[in-house]
Amino acid sequence: MSGGGDARRALRVDIDQSEPMPLRGRFECAAGELLALVGPSGAGKTSMLRVLAGLMRPQRGLIEVGGQLWCDSDQGVFLPPQRRHVGLVFQNYALMPHLSAADNVALAMLHLPAAERDAQARRWLDHVRLSGEQQQRRPGTLSGGQQQRVAVARALAREPKLLLLDEPFSAVDQMSRQGLYRLLAQLRSDLDIPILLVTHDLNEARLLADRLVVMDAGAVLQEGPPEHIHRAPRNARVADLVGMHNRFQGVWVGPSGRAGWGLLKWVTESGGEGEGEAMLLEVRDKGKIKPGQPVNWVVPGDGILLGADGSGQTLDARVSDARHLGEITLASLTLERNPQISLRITLAGPQRQRIANGDRLAVRLDSALVHVMPLHPRPPAVTT
Amino acid sequence: MDWQAFSLSIELAAVTLLVLLPFGVLAGRWLARTRFYGKAWVEAFVVLPLVLPPTVLGYYLLVSLGAGSPLGRWLLDSFDVRLTFNFAGLLIASLVFNIPFIVQPVQRAFEAIPGNLAEAAAVCGLSGWQTFWRVELPLAWPGILSAMVLTFVHTLGEFGVVLMMGGSIPGETKTVAISIYDRVQSFDLAGADRMALLLLLLSLGAVAASFFASARLVARR
């Protein structure tokens with residue numbers, strides 16, 4: 001996984017279209033890197049994959065893979081899927097129902113003589129750990145996880161320069177899913193090509209991907225490593241899409257006394273400023289926001305600490321809802337000072353034992369992890 | 001038993017199928033895959049021979065192709081070709097009459113193929129022809145097979161159009177259905193009986209065989 005200049009350019013995408021559906025975005029992916037396209041249904045993730053595979057021609061766009069131009073609307077270049085050497089694993093696999101698993105894989109190698117094709121197909125299916133007996137069966141008689149493996153083998157048999165996976169884990173059970181995660185991890189180290197994964201499951205994306213591309217309403221909103229997006233979402237929509245529950249509103253007050261720090265006034269959704277004195281938080285100041293500017297701000301789960309330690313700002317809270325789920329506990333904490341404000345936390349390990357509905361406890365926010373985003377009058381990315 | 005009529009009917013059915021099959025497969029696939037303004041009209045014309053009384057269809061063919069029509073006169077004057085009351089006329093009538101029997105099942109068969117299989121084939125590097133031969137045709141085959149059987153059997157039993165366009169010339173246009181009719185008209189009920197029974201068994205056997213074959217083909221997936 002190198003971030004060098006050439007490797008970084010293994011995949012270069014810049015798409016801009018408004019018809020038939022809006023699709024806009026720009027991102028890159030290095031060889032050996034796994035990029036996850038995330039976003040809600042209808043965000044344009046699958047359309048983006050279709051454009052990359054050559055199944056859809058964008059109004060305007062540039063796609064370059066391994067130094068080869070696949071699409072450049074300015075020069076009138078558009079390679080059909082047949083000439084792209086792209087591996088695509090469809091969401092429902094799209095295996096040929098009338099062909100055996102082996103013949104499905106061999107179909108991607110029609111340029112080879114039949115005997116060699118069969119031998120290669122067996123080799124690829126062995127690689128994804130399908131038994132010899134299973135290789136001769138038709139897709140209809142294989143389990144979801146096995147069909148998935150055949151689809152992956154078929155995509156690899158094409159010797160792709162780019163591997164695309166459309167919601168590859170959505171239709172398989174948890175057991176097969178773990179096996180497929182391992183397979184994907186192995187592929188990443190074996191193949192030195194960019195891999196794009198479409199998913200609506202954020203945990204999966206964070207687990208597998210080096211970088212995320214967050215999409216909504218056909219547009220790429222933000223791109224970066226999962227931890228970066230989590231720490232500094234570009235706007236409130238991104239924060240919502242990556243599942244940051246602790247998003248609040250505020251007003252930027254201005255620099256505090258300390259250099260590099262500023263004051264944030266915490267206001268509630270309804271616009272009220274809480275009872276009595278305004279709640280002021282001292283957070284990092286990048287000097288980009290004007291005093292008086294309304295803002296959204298987020299704090300990731302690991303920025304919410306339980307128990308007073310004598311330093312910083314401590315808030316008194318009450319547990320309004322605690323749910324113990326398997327190995328984790330989800331809890332909502334309501335601030336004593338303003339019951340309209342609640343924080344959501346996930347607890348694991350020994351801490352979770354001590355939480356019950358109605359408990360009073362002290363909460364600290366890690367100021368360094370609070371991320372402030374100027375509130376735009378309109379969401380900037382969404383147009384139709 | 002009028003074996004001459006039988007062999008004429010079988011010849012007519014075979015030639016009809018041979019000519020109509022490529023057209024039916026291409027037209028059915030085209031209708032399954034294409035969306036365009038006015039498609040409903042095209043589909044209505046395809047079904048028309050199914051709902052129109054055969055005599056009406058035969059009548060229109062007769063007046064448009066007969067020696068009295070401009071087309072018929074031109075064909076006669078220029079090429080000395082006559083398209084009524086002979087085998088060629090019978091074949092034209094049979095082709096028109098069988099269009100819905102071949103196009104509709106084929107169209108349904110192609111429609112039933114998931115759209116992303118063609119896309120998967122393209123991503124696998126298959127050309128349009130390769131996709132047609134290796135993916136679409138095998139998957140549509142049960143539908144095409146039943147369309148072929150329907151067309152064949154339907155031609156064997158065709159009566160109204162044949163009578164209008166061909167009359168009843170032994171060895172030329174007298175098919176088995178007309179032969180049966182002639183027997184009944186001349187009170188040869190025993191002869192009519194035998195021929196009708198043979199036609200019934202032949203038709204039933206062919207249709208049943210195609211259903212069994214389709215079911216097996218589908219089950220193998």
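How far apart do the C-alpha centres of domain 1 of chain A and domain 2 of chain A lie? They lie 39 Å apart. This is a predicted model, in which local features need pLDDT of at least 70, side-chain atom pairs count only at pLDDT 80 or more, and totals for chains, interfaces and linings use all residues. Residues are numbered from 1 along each chain as its sequence is written, while chains are lettered from A and ligands numbered from 1 in the order in which they are written.

**Chain A overall**

- Chain A holds 10 helices and 21 strands. Both are DSSP runs numbered from the N terminus: helices are H or I with at least four residues, strands are E with at least two.
- Along the principal axes, the C-alpha atoms of chain A fill a box of roughly 80 × 50 × 35 Å.
- Of the 384 residues in chain A, 39% are buried. Buried means that 20 or more other C-beta atoms lie within 10 Å of the residue's own; exposed means 12 or fewer, and partly exposed is in between, with C-beta atoms placed from the backbone.
- Take the contacts in chain A between residues at least 6 apart in sequence: 65% of them join residues at least 24 apart. Two residues are in contact if their C-beta atoms, placed from the backbone, lie within 7 Å.

**Domains of chain A**

- The domain assignment gives domain 1 (5-241) and domain 2 (247-374). Such bounds come from an automatic or database domain assignment.
- In chain A, 8 residues of domain 1 are in contact with 7 residues of domain 2.
- On the side of domain 1 that touches domain 2, helix 9 (226-231) and helix 10 (236-241) of chain A each supply at least two residues.
- Helix 10 of chain A gives the largest share of that side, 3 residues.
- The residues of that side of domain 1 divide into 4 nonpolar, 2 polar and 2 charged. Ala, Val, Leu, Ile, Met, Phe, Trp, Tyr, Cys and Pro count as nonpolar, Asp, Glu, Lys and Arg as charged, and the others, Gly among them, as polar.

**Ala157(A)**

- Ala157(A) sits in helix 6 (residues 144-157) of chain A.
- Ala157(A) counts as buried because it has 25 C-beta neighbours inside 10 Å.
- Beyond its neighbours within four places in sequence, Ala157(A) has contacts that include Val105(A), Met109(A) and Trp124(A).
- Val267(A) is 110 residues from Ala157(A) in sequence and 57 Å away in space, C-alpha to C-alpha.

**Helix 7 of chain B**

- Helix 7 of chain B bends by about 55 degrees at Trp141(B), and Pro142(B) follows within four residues. The bend is the angle between axes fitted to the seven residues ending there and the seven starting there.
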